[in-house]
Amino acid sequence: MQQLNNKQILLGVTGGIAAYKAAELIRRLQDFGAEVRVVMTKGAQEFITPLTLQALSGNPVHYDLLDTEAEAAMGHIELARWADLVVVAPASADFMARLASGQADDLLTTLCLATDAGIAIAPAMNQAMWRDSSTQANLQTLIDRQVAIFGPGDGSQACGDIGPGRMLEAATLAEMTADQFQSRELDGISVVITAGPTREAIDPVRYISNHSSGKMGFALAQAAIEAGASVTLIAGPVSLATPDRVQRIDVESAEQMHRATLDSLAKCDIFIGAAAVADYRPATSVKQKIKKSVDTMSIELVRNPDIISAVASHKQRPFTVGFAAETQDVVSYAKGKLVKKNLDLIIANDVSNAEIGFNSDNNAVTVIWNKGEKALPTASKQQLSRCLLKEISQSYKENQAT
Ligand code: C5P
């Protein structure tokens, strides 16, 4: 099960007897494919040691806002940006009160204020504390601010009481965490994505290719699945795991990618060309390995089909999205390609910057369509893909409405 594949979960642990269940929760989140970093309040450390949670999460545990060493390693703002979702389990009555009143008096509350990611809490406390009108008022404030509330469950409590306030079990919390990433924006929509490089054979052992890692296309496939789409991923040779529920078709050459793409158009509402297709291939692919003899040799190259242009001029034309990897005048070249290739939307990125180019884990892009453009700042390819999918789905729906 990989519903949380590549997701970065910041797990906040506050002071309460249910803190021991946080250890199990880390494991369940990891089973779902998530990377977990833990932030503990002072109270939490009275119930479970940072060392336990550090060993389970495989990452240093954070607990001090004013520790210069910890700040130098991964500062609180960096940590807040790292998170795709903040899950606080258990969330004590005191933590809920501090979160509701917008305090930033320890690392966890500060992170909750500083993050743009969603926040989910799993309340755990004595049943009378849970029923108390202050807690209920805080709960309402948090619900109004779109904080997701996991539980609490009902039953026997550590203090001997019976009633509401038990933290939900770790497996249930992990499933609820995964559900937070399902946007359903593309429910019922079929998306076809090309990704990675192509290989153009010179002979049986040699080929022409490029540095594309396929990471962007694969991240888009994952984001499209999360948004409820059915996804076909036509992948050139890459060493990446297939996201859950994605139908993957492996190809090598541009011609194979071209054929697989056209075959997929019968069931395609949105096409995203994220592959770095080789523009040329050797005119002839020799059947036997070429032996070295002369000092120089030349290979005649012929143009490959432009796959995305073929899609955009097809009678079953889907909403067509392309990429423009440029090293200069990024936006203006991309606008030219939008028109020339007859695309609905183009995503321009500057590959001259090694931080965000081919093979890197991050990217920053400008989304351009005929009526406007929008810059999306540097983020992980996973985070960026979710933002891109939002833009694509919005533009697709506007397009359908006209
Ligand atoms: O022309 P250029 O390679 O810069 O265009 C990039 C866009 O066109 C990308 O979306 C890429 O996937 C697509 N493309 C294609 N077939 C080609 C070349 C590029 O689909 N032969």
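**A cavity, a patch and some salt bridges**

Helices α3 (68-73) and α4 (76-82) each supply at least two residues to the lining of the largest cavity. Helices here are DSSP runs (H or I, at least four residues), strands are E runs of at least two, and both are numbered from the N terminus. The model is predicted: local features need pLDDT of at least 70, side-chain atom pairs count only at pLDDT 80 or more, and totals for chains, interfaces and linings use all residues. Residues are numbered from 1 along each chain as its sequence is written, and side-chain values use heavy atoms, without hydrogens and water.

Start with the empty space. Rolling a probe the size of a water molecule over the atoms shows where such space is left. On a 1 Å grid over the protein atoms alone, a cavity is a set of points where a 1.4 Å probe fits but cannot get out; lining residues have an atom within 4 Å of a point. The whole structure has one cavity of 30 Å³ or more. About 40 Å³ of space lies in the largest cavity. Its lining includes His 62, Asp 64, Met 74 and Leu 107. Four lining residues are nonpolar, three polar and two charged.

Now turn to the surface. Tyr 280, Val 294, Met 297, Ile 299 and Leu 301 form a nonpolar patch there. Together they have about 490 Å² of accessible area. Such a patch joins nonpolar side chains within 5 Å, from residues with over 30% relative accessible area and no salt bridge. Ile 299 sits in the loop between β14 (280-282) and β15 (301-303). At 38% relative accessibility, Ile 299 is partly exposed. Buried means under 20%, exposed over 50%, and partly exposed in between (1.4 Å probe, protein chains only).

Charges come next. Side chains of opposite charge can pair when their charged atoms come close. In a salt bridge, a side-chain nitrogen of Lys or Arg is within 4 Å of a carboxyl oxygen of Asp or Glu. The whole structure has 19 of them. Glu 169 pairs with Lys 21, with the closest N and O atoms 3.4 Å apart. These two lie 148 residues apart in the chain. Glu 169 is partly exposed at 41%, whereas Lys 21 is buried at 11%.

Glu 226 and Arg 386 also meet in a salt bridge (3.4 Å, N to O). Glu 226 lies in helix α10 (residues 215-226) and Arg 386 in helix α14 (residues 381-401), so the pair ties together parts 160 residues apart in sequence. Glu 226 is buried, at 3%. Arg 386 is buried too, at 19%.

Definitions and conventions
On a 1 Å grid over the protein atoms alone, a cavity is a set of points where a 1.4 Å probe fits but cannot get out, and a pocket is an open set with protein on both sides within 12 Å along at least five of seven lines; lining residues have an atom within 4 Å of a point. Grid points are joined across faces, edges and corners, and a volume is the space filled by probe spheres set on the points. Ala, Val, Leu, Ile, Met, Phe, Trp, Tyr, Cys and Pro count as nonpolar, Asp, Glu, Lys and Arg as charged, and the others, Gly among them, as polar. Patches are made of residues with over 30% relative accessible area and no salt bridge: like charges are joined within 9 Å, nonpolar side chains (Val, Leu, Ile, Met, Phe, Trp, Tyr) within 5 Å. Accessible areas come from the Shrake-Rupley method with a 1.4 Å probe; for residues, only the protein chains shown count as cover.
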